[in-house]
Amino acid sequence: MAQKGSGSIPHGRSGNGHDDDGRAPRHPGSRRESPEVYRRRRLVAALAAGVLLVLVAVGLVSAVAGMLGPEETEGVPAPDTATASAAAASQEPFADFTPRPDESASAAASAPATEGPVEECGSELAVRASTDRESYAEDAQPVLVLSLENTGEDPCRVNAGTSQMVYEVTSGSDTVFDSRHCQAGSEDAEVVLEPGQEQSARLGWNRVRTAEGCTEAGGEAQPGYYRLETSLGERTSDPVPFVLE
């Protein structure tokens, strides 16, 4: 029978914790890592060191450029080609951008051109008169409108310059306003009107009477009923009524 506290050591293990053959015991679950794992670790460490060196080089070049200024950094080489390409791209961000074609320009280019010379407008040119309101308050200024329209089936040309335009306001047989009386200057302006096209010219009237030659300072037109007629060359519109209050 074994005695208590004899301090006996189990067989196969020496008192210093080693096996009988002198080797340190192996702990459960521990094993030596393969040489492949060590090689991978060394490769990762080498890549990290390379990236760090590149970042340091870029930082140094940027610092030198900041201190020397733009004129003195011409001799400082870029750290690599990728950095130079990125800088060029940042200066011209839309260098490779291809704009969409202009639809209006394409439509104009595809539209058939008018064949042959354009004839002068004849009876197909309509001249109309109108005002922006039918009645004007005491402090309101009438706007007189002369409109042209090509009612024909072909384009036609006409001299629509101020040398041909006339705005005339009458009250009965009294000519109250005529745009030719005080016209400072006039000019010719030939335009081409497409079939159905309409153009308008507006003239503001300050409600002051005019006289031929603009030799007299006219008085203000009195409240009442008036008529507007417009002309372009030899073509005259129908009269249009309006009221001054």
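Which residues does S179 touch, not counting residues up to four places away in sequence? The answer is M165, V166, Y167 and L203, where touching, or contact, means heavy atoms within 4.5 Å.

**The model as a whole**

This is a predicted model, in which local features need pLDDT of at least 70 and side-chain atom pairs count only at pLDDT 80 or more, while totals for chains, interfaces and linings use all residues. Residues are numbered from 1 along each chain as its sequence is written, and side-chain values use heavy atoms, with hydrogens and water left out.

Three helices and twelve strands make up the secondary structure of the chain; these are DSSP runs numbered from the N terminus, with helices (H or I) of at least four residues and strands (E) of at least two. There are 245 residues, and 19% of them count as buried. Buried means under 20% relative accessible area and exposed means over 50%, with partly exposed in between (1.4 Å probe, protein chains only). The accessible surface of the chain is about 18,200 Å², and carbon and sulfur atoms account for 52% of that; such areas come from the Shrake-Rupley method with a 1.4 Å probe, and for residues only the protein chains shown count as cover. Of the contacts between residues at least 6 apart in sequence, 65% join residues at least 24 apart.

A word on confidence: pLDDT is the predictor's confidence in each residue, from 0 to 100. The chain has a mean pLDDT of 73, with 56% of its residues at 70 or more. Residues 63–73 have pLDDT below 50, and the model gives this stretch four contacts beyond near neighbours in sequence. Residues 1–22 also stay under 50, with 13 contacts beyond four places in sequence.

**The loop between β7 and β8**

S179 sits in the loop that runs between β7 (174–178) and β8 (190–193). S179 counts as buried because its relative accessibility is 13%. Its side chain reaches the backbone nitrogen of Y167 at 2.9 Å. Such a polar contact is a pair of N or O atoms within 3.5 Å; within protein, one must be able to donate a hydrogen and the other to accept it, and residues adjacent in sequence count only if both atoms are side-chain atoms.

Q183 is found in the loop between β7 and β8 too. With a relative accessible area of 31%, Q183 is partly exposed. Its side chain reaches the backbone oxygen of G185 at 3.2 Å, and a polar atom of that side chain lies 3.3 Å from the backbone oxygen of T162. Q183 and T162 are 21 residues apart along the chain, and their C-alpha atoms are separated by 9.4 Å.

**A three-stranded sheet**

β8 also belongs to an open sheet of three strands with mixed pairing, in the order β1-β5-β8. β1 (119–120) and β8 stand at the edges with a single partner strand each, so one side of each has no neighbour in the sheet. Two strands pair if DSSP finds at least two bridges between them. β1 and β5 (residues 156–159) run parallel and are joined by two bridges, with E119 opposite C156. Between β5 and β8, which run antiparallel, there are four bridges, and R157 stands opposite V192.

In a regular strand the side chains alternate between the two faces of the sheet.

**An aromatic cluster**

Rings of Phe, Tyr and Trp (its six-membered ring) pair if their centres lie within 6.5 Å; planes under 30 degrees apart count as stacked, over 60 as edge-to-face and the rest as tilted. By this rule there are four aromatic pairs. Here are two of the pairs:

| Pair | Centre to centre | Angle between planes | Arrangement |
|---|---|---|---|
| W205 and Y226 | 6.4 Å | 70 degrees | edge-to-face |
| Y226 and F242 | 6.0 Å | 20 degrees | stacked |

W205 lies in the loop between β9 (198–204) and β10 (224–232), 21 residues from Y226 in strand β10. F242 is in strand β12 (residues 240–244), so its pairing with Y226 ties together parts 16 residues apart in sequence. Ring pairs link Y136, F177, W205, Y226 and F242 into a cluster.
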